[in-house]
Amino acid sequence: MTFDSIIIGAGSAGCVLANRLSADPARRVLLVEAGPSDWHPFIHMPAGLAKLMSRSRINWNYDTEPVSELENRRLWWPRGKVLGGSSSINAMCYVRGIPADYDRWAELSDDTRWSWQAVLPYFKRAEDNQRGADTWHGAGGPLTVSDLRYHNPLSDALIEAALAAGYAHNSDFNGPEQAGFGLYQVTQRNGARCSAATAYLKPARNRHNLSIRTHALVERVEISQGRASGVWIRNRWGRTYFVEAGEVLLCGGTINSPQLLMLSGIGPADHLRAHSIHVHHDAPGVGGNLQDHLDICTLASTPYRDTYDHPSDVRVALQYLLHHQGIGTSNIAEAGGFVRSQLAESPGCDLQFHFVPALLDDHGRHRMSGNGYTLHACGLHPKSRGNIRLAAADPGVAASITPGYLSDPQGYDLAMLIEGVQRSRELFAQTPFNPYRGQEIFPGAEITDHAALAAFIRHKAETIYHPVGTCRMGRDTKAVVDSELRVHGIAGLRVVDASIMPDLPTGNTHAPVIMIAEQAADRILGRACTETSQN
């Protein structure tokens with residue numbers, strides 16, 4: 001069993017690479033995924049994401065280590081364990097970030113091919129935007145980006161409230177200006193989720209030179225004389241076997257990619273030796289630089305009955321199955337916006353909001369009585385850093401996640417979230433919410449001063465699912481990969497996923513990962529980008 005390329009992880013990046021690399025009929029490609037196929041109907045019905053949270057078969061269901069700055073709580077980190085990865089369970093918001101994000105990546109990697117001018121053609125090549133092609137968008141690419149077919153009147157109230165509060169209306173967060181409020185465009189096709197598996201893997205899976213193995217856990221990458229020569233795979237029945245590769249591509253994501261590098265003997269030497277792992281390459285940066293968008297929710301009750309708190313499941317399912325219309329097509333987090341805070345250190349936005357026409361507590365796992373609405377707020381450029389470490393030398397044992405939330409000594413991240421709550425309250429206080437107004441549930445009307453708001457945040461803040469950075473791209477001694485995404489010190493091994501990001505982008509992370517993989521495919525194949533290189 002020998003392949004030119006073995007791709008580990010069929011998430012957003014892995015699906016892109018499987019499609020692009022197998023388009024060369026002379027190249028044999030193996031895609032390995034620890035989870036199952038993406039057959040479940042709740043994956044494809046957008047509003048089904050509310051039902052996916054409890055389905056552990058398609059979710060890694062990670063828990064962090066106790067977070068000292070958040071009352072020693074263990075935070076839940078859902079990540080997709082299925083074809084399509086987290087793009088099969090996310091809220092489908094299509095957000096790229098801003099040009100300054102990628103110009104910063106280019107600076108840190110000393111490679112102008114990561115600048116905004118260079119990455120924009122990859123974003124456009126991947127995209128099939130419902131609104132058509134223009135300077136900022138592509139049409140005809142694999143990933144369908146659409147306007148919502150259905151949204152709740154409360155989402156309109158949020159946008160109108162933003163206008164009343166003096167914010168701009170923005171119909172395209174990926175256009176010339178990010179600031180303002182509006183409805184998110186979503187990765188949907190004809191009212192159904194367009195995951196990376198739908199966009200990239202489905203058109204390619206019948207190619208004779210592409211093999212896809214699900215329920216297959218990669219135990220480690222075999223390193224021989226400084227080169228990755230293949231991988232050891234454990235199948236669903238517990239049998240382990242070896243597959244030889246010309247090149248190994250890690251696409252496991254921010255948690256699994258550094259874990260697999262360390263299991264393979266690439267990482268901080270003392271940490272590896274503590275787990276009796278032979279050190280092939282002392283790479284102190286592996287698992288470091290962990291960044292995430294910490295999020296705080298403001299909740300209010302409403303006498304309005306048509307929220308998403310208690311919908312008729314039968315009616316929703318019938319509308320969706322028969323016509324691909326109605327609530328079933330909603331991504332739930334329909335509206336939102338970007339704001340420049342009072343603490344801003346650069347001209348761009350540094351606060352993001354996601355609005356949900358329902359009461360959302362503990363990722364929706366805590367079902368609350370009554371009806372209401374929720375506004376998420378997250379600081380986009382946190383200064384806190386955490387790490388991923390091995391909990392055991394067994395690949396079946398989840399890695400140890402220390403997110404480091406609110407650990408920056410200046411208190412910048414906490415101050416950002418306090419401002420996020422204050423701005424959320426400001427929006428809810430505007431007259432467009434008058435017909436829907438009830439009582440504030442969280443933080444609660446009695447929580448007013450900074451100390452009380454800080455205590456509320458420490459008690460309730462959660463991830464909004466954007467971890468990055470643990471196999472950082474760069475040139476310094478803590479960088480894990482170079483600008484070609486090749487692992488420093490080991491030949492024949494690359495990392496292609498959110499873990500290579502030096503810094504968080506200004507927004508959601510799915511679209512940037514698609515772009516990273518599109519560019520990586522071109523680099524592997526030794527070609528330049530053309531926006532029309534599709535499917």
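Modeller: On a 1 Å grid over the protein atoms alone, a pocket is an open set of points with protein on both sides within 12 Å along at least five of seven lines, and its lining residues have an atom within 4 Å of a point. This is a predicted model, in which local features need pLDDT of at least 70, side-chain atom pairs count only at pLDDT 80 or more, and totals for chains, interfaces and linings use all residues. Residues are numbered from 1 along each chain as its sequence is written, and side-chain values use heavy atoms, with hydrogens and water left out.

Colleague: What is the volume of the second largest pocket?

Modeller: Grid points are joined across faces, edges and corners, and a volume is the space filled by probe spheres set on them. For the second largest pocket, that gives about 420 Å³.

Colleague: Which helix gives the largest share of the lining of the second largest pocket?

Modeller: The lining has 20 residues, and Asp101, Ser346, His381, Asp503 and Leu504 lie nearest the centre of this pocket. By class there are eight nonpolar (Ala, Val, Leu, Ile, Met, Phe, Trp, Tyr, Cys and Pro), seven charged (Asp, Glu, Lys and Arg) and five polar residues (the others, Gly among them). Helices (H or I, at least four residues) and strands (E, at least two) are DSSP runs numbered from the N terminus. The largest share of this lining, four residues, comes from helix 4.

Colleague: What is the volume of the largest cavity?

Modeller: A cavity is a set of grid points where a 1.4 Å probe fits but cannot get out. The structure holds three cavities of 30 Å³ or more. The volume of the largest cavity is about 140 Å³.

Colleague: Which residues lie closest to the centre of the largest cavity?

Modeller: Helix 11 (residues 412–428) gives the largest share of the lining, four residues. The lining divides into 10 nonpolar, five polar and three charged residues. Of the 18 lining residues, the closest to the centre are Asp292, Leu294, Gly379, Pro382 and Asp413.

Colleague: Leu294 also belongs to strand 16, so to speak of the strand itself: how many of its residues are buried?

Modeller: Buried means under 20% relative accessible area, exposed over 50%, and partly exposed in between (1.4 Å probe, protein chains only). Leu294, Ile296, Thr298 and Ala300 point one way from strand 16, and Asp295, Cys297, Leu299 and Ser301 point the other way. Strand 16 covers residues 294–301, and the number buried is eight of eight.

Colleague: In strand 22, which residue is the bridge partner of Ala300?

Modeller: Two strands pair if DSSP finds at least two bridges between them. Strand 16 runs antiparallel to strand 19 (residues 372–379), with seven bridges, and Ala300 has Tyr373 as its bridge partner there. Two bridges join strand 16 to strand 22 (residues 440–442), also antiparallel. In strand 22, the partner of Ala300 is Glu440.

Colleague: Which residue does a cis peptide bond join to Phe442?

Modeller: Most peptide bonds are trans. The cis bond here has an omega of about 5°.

Colleague: What value does phi take in Asn190?

Modeller: Most residues other than glycine have a negative phi. Asn190 is found in the loop between strand 8 (188–189) and strand 9 (192–193), and counts as exposed because its relative accessibility is 53%. Phi of Asn190 is positive, near 55°.
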